[in-house]
Amino acid sequence: ALPVIYAITPTYSRAVQKAELTRLSNTFRQVPRFHWIVVEDSNIRTELVSRFLAHSGLPYTHLHVLTPRRYKRSGMPRATEQRNAALDWLRTHHKPRDSGVVFFADDDNTYSLELFDEMRSTRQVSVWPVGLVGGRRYERPMVEKGRVVGWYTGWKADRPFAIDMAGFAVNLQVVLTNPRALFKRRGSLPGMQESDFLKQITEVGELEPKAHNCTRVLVWHTRTEKANLENEPRQTQDSVVI
Ligand code: UDP
Ligand code: MN
C-alpha cells in the first residue's frame, strides 16, 4: 500500500480562515492515502473548524495549542507550537515500523496534485522548488549528479537549508527515530525554522531532490490579502453561516 501522507496545517481564526481551509480541502480530497493534521492556534477546538473538518470528507486529526502571547509579534516565527503538537501526535500514535510521509502544509499556500505524487516516495528527507518566495519567482535546491549542492535564493543565502516550510517532506520513520527533533523558539532567528529543524534530522548532501531534479515548481507560497471589513456593521441581526 502507498505510504500515507500526513499534512500538518497550523491555522488561526480570521475572516479568511474558512475560505483558506475550503481551498485546501478541495485539493487534499483528491489525494489518495492522505491524512490531514489540522492544528488550531487556539485554546480550544473551535466550532467553525470542528464542523468544517467533520464535513470535509477527509481523514483528519484535529488538535489545538495556543501560541503564547509573547511570541505573537511580527518578525517572530509563526506556528512553532502547532507544528510541534502535530509531531508529538505522530509520535504517540504510531508504531516504530509504520509507514508515512510528513509534510508541512500552511493554510494559505497553493498545492498542485503532482506535488503529492513526488513526495510520496520520500525515503528520508526530500526537497523541491517553492514558487513566490524569497523575493523571487521561486527558490530551489541546486542539484548536481542527483545531489543537492546549494540553493538558488534571493534571501539569506547563508541559511544551511535555504528552503521554505513547503519545500520539503520527511519520512515518518525519520520523525519517529528522532524523537527530539522539534521546531525551536529559543535562539531561533527569523527564517531559520526550516534550517533549525532540518539540521536535527539530515544533512544537505543526503537530501532527495524531487520534481525533476528540482526544476519544476509544484507548490506556491501564496499569501492571502487580509479581508477588508471596514464596512461591516458593529451589530447585526443577520444570521448567515460564514
Ligand atoms: N499561523 C498560526 N498562528 C498565527 C499566524 C499564523 O497558526 O498567529 C499559521 C497560518 O495559518 C499558516 C502558518 O501558521 O498556516 C504560517 O503563517 P503565515 O502563512 O501567516 O506565514 P507566512 O506566509 O508569512 O510564511
Ligand atoms: Mn503563508
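Glu194 lies in helix H6 (residues 193-198), where helices (H or I, at least four residues) and strands (E, at least two) are DSSP runs numbered from the N terminus. The model is predicted, so local features need pLDDT of at least 70 and side-chain atom pairs count only at pLDDT 80 or more, while totals for chains, interfaces and linings use all residues. Residues are numbered from 1 along each chain as its sequence is written, and chains are lettered from A and ligands numbered from 1 in the order in which they are written.

In an unreviewed UniProt entry, the annotation "active site" covers Glu194. UniProt positions are given in the numbering used here, feature names are shortened, and annotations may be inferred rather than shown by experiment. Glu194 is buried because 21 other C-beta atoms lie within 10 Å. A residue is buried if 20 or more other C-beta atoms lie within 10 Å of its own, exposed if 12 or fewer, and partly exposed in between, with C-beta atoms placed from the backbone. When neighbours within four places in sequence are left aside, the contacts of Glu194 are Phe161, Ile163, Asp164 and Met165; two residues are in contact if their C-beta atoms, placed from the backbone, lie within 7 Å.

The strands form an open sheet of 7 members in the order E3-E2-E1-E4-E10-E6-E11, with mixed pairing. Its edge strands are E3 (60-64) and E11 (208-209), each of which pairs on one side only. Two strands pair if DSSP finds at least two bridges between them. Strands of a sheet pair through backbone hydrogen bonds, either parallel or antiparallel.

Strand E4 (residues 100-104) is largely enclosed by the rest of the structure, because 5 of its 5 residues are buried. Both faces of E4 are covered: Gly100, Val102 and Phe104 are buried on one side, and Val101 and Phe103 on the other. E1 and E4 run parallel and are joined by 5 bridges. Within this pairing, Ile5 has Val101 of E4 as its bridge partner, and Ala7 has Phe103 of E4. Strand E10 (residues 168-171) pairs with E4 in the antiparallel sense over 3 bridges, and Ala169 in E10 stands opposite Phe103.

Phe103 also has a place in the largest nonpolar core, which has 50 residues. A nonpolar core is a set of buried Ala, Val, Leu, Ile, Met, Phe, Trp, Tyr and Cys residues joined through C-beta atoms within 7 Å. The residues with the most contacts inside this core are Tyr6, Ala7, Ile8, Ile37, Val101, Val102 and Phe103. Apart from neighbours within four places in sequence, Phe103 is in contact with Ile5, Tyr6, Ala7, Ile8, Met119 and Ala169.

Around ligand 1 there are 14 residues, of which Pro10, Tyr12, Asp41, Ala79 and Asp106 come nearest. A residue is near a molecule or strand if its C-beta atom, placed from the backbone, lies within 6 Å of it. Strand E1 (residues 4-11) gives the most to this shell, with 3 residues. The shell divides into 3 nonpolar, 4 polar and 7 charged residues; Ala, Val, Leu, Ile, Met, Phe, Trp, Tyr, Cys and Pro count as nonpolar, Asp, Glu, Lys and Arg as charged, and the others, Gly among them, as polar.

Gln82 is part of helix H3 (residues 80-92). Gln82 counts as buried because it has 26 C-beta neighbours inside 10 Å. Residues up to four places away in sequence not counted, Gln82 touches Pro10, Val39, Asp41 and Val65. Gln82 and Ile8 are 74 residues apart in sequence, and their C-alpha atoms are 8.7 Å apart in space.

Helix H7 (residues 211-214) contains Asn213, which an unreviewed UniProt entry lists for "glycosylation site". Asn213 is partly exposed because 17 other C-beta atoms lie within 10 Å. Cys214 is also in helix H7 and counts as buried because it has 22 C-beta neighbours inside 10 Å. Although Cys214 is not a glycine, it has a positive phi of about 65 degrees.

Lys156, likewise not a glycine, has a positive phi of about 45 degrees. Lys156 lies in the loop between strand E9 (147-152) and E10, and counts as partly exposed because it has 15 C-beta neighbours inside 10 Å.
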